[in-house]
Amino acid sequence: KGQYLCQLQTSNGTKRHVIGVDCNKKLIFDSCEKYALDLTRKNLDYCCGENSATLRRIVYCYELTKKKK
């Protein structure tokens with residue numbers, strides 16, 4: 001449950017990309033994409049980008065929470 005910002009590490013070691021994940025709606029929000037992607041391993045690998053890199057791990061994962069006014 002929840003919404004998260006996640007930094008990805010690719011199979012070739014890069015850690016340059018951050019995505020948003022909405023676990024409630026099972027969606028990935030990637031600034032490189034026009035539309036949200038379904039939350040699947042295939043799409044997480046796709047978010048890793050060029051050179052056929054795949055997801056090695058999520059380096060950082062921060063939960064988004066509402067701030068009280």
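Predicted model: local features only at pLDDT ≥ 70, side-chain atom pairs only at ≥ 80, totals over all residues.
Entry 1: I followed the strands across and found an open sheet of 5 strands in the order S4-S3-S2-S1-S5, with antiparallel pairing. Strand S4 (37-38) and strand S5 (55-64) stand at the edges, and each has a single partner strand, so one side of each is left without a neighbour in the sheet.

**Entry 2: strand S1 and its two partners.** I then looked up how S1 is joined on either side. Between S1 and S5 I found 8 bridges, with the two strands running antiparallel, and in this pairing Gln9 stands opposite Arg57 of S5. Between S1 and S2 there are 6 bridges, again with an antiparallel run; here Gln3 faces Asp22 in S2, and Cys6 is set opposite Ile19 in S2. S1 and S2 form a hairpin with 6 residues between them, and in its turn I marked Gly13, which has a positive phi of about 95°. When I checked how covered S1 is, I found 6 of its 8 residues buried.

**Entry 3: strand S2 and the turn to S3.** S2 is also mostly covered, with 5 of its 6 residues buried. I found that 3 bridges join S2 to strand S3 (residues 27-29), and that this pair runs antiparallel, with Val21 opposite Ile28 in S3. These two strands make a hairpin with 4 residues between them.

**Entry 4: the nonpolar core.** I next listed the largest nonpolar core, which has 12 residues in all, namely Tyr4, Cys6, Leu8, Ile19, Val21, Ile28, Leu37, Leu44, Cys47, Cys48, Ala53 and Leu55. Strand S1 (3-10), strand S2 (17-22) and helix H1 (41-47) are the elements that give two or more residues to this core, and S1 gives the most, with 3 residues. I picked out Val21, a member of the core, and looked up what it touches: leaving aside residues up to four places away in sequence, its contacts are Gly2, Gln3, Tyr4, Cys6, Leu27 and Leu39.

**Entry 5: the largest pocket.** Lastly I turned to the largest pocket, for which I noted a volume of about 260 Å³. Of the 17 residues that line this pocket, the closest to its centre are His17, Cys47, Cys48, Gly49 and Glu50. S1 and H1 are the elements that give two or more residues to the lining. How many residues of each class does the lining of the largest pocket have? I counted 6 nonpolar, 6 polar and 5 charged residues. Going back to the core list, I saw that Cys47 and Cys48 belong to the largest nonpolar core, and they are also among the residues closest to the centre of the largest pocket.

How values were computed: Residues numbered from 1 in each chain as written. Heavy atoms only, no water. Core = buried A, V, L, I, M, F, W, Y, C linked by side-chain atoms within 4.5 Å. Buried < 20%, exposed > 50% of the residue type's maximum accessible area, 1.4 Å probe, protein only. Contact = heavy atoms within 4.5 Å. Pairing = 2+ DSSP bridges. 1 Å grid on protein atoms, 1.4 Å probe; cavity = no way out; pocket = protein on both sides within 12 Å on 5 of 7 lines; lining within 4 Å. Points joined across faces, edges and corners; volume = space filled by probe spheres on them. Nonpolar A, V, L, I, M, F, W, Y, C, P; charged D, E, K, R; others polar.
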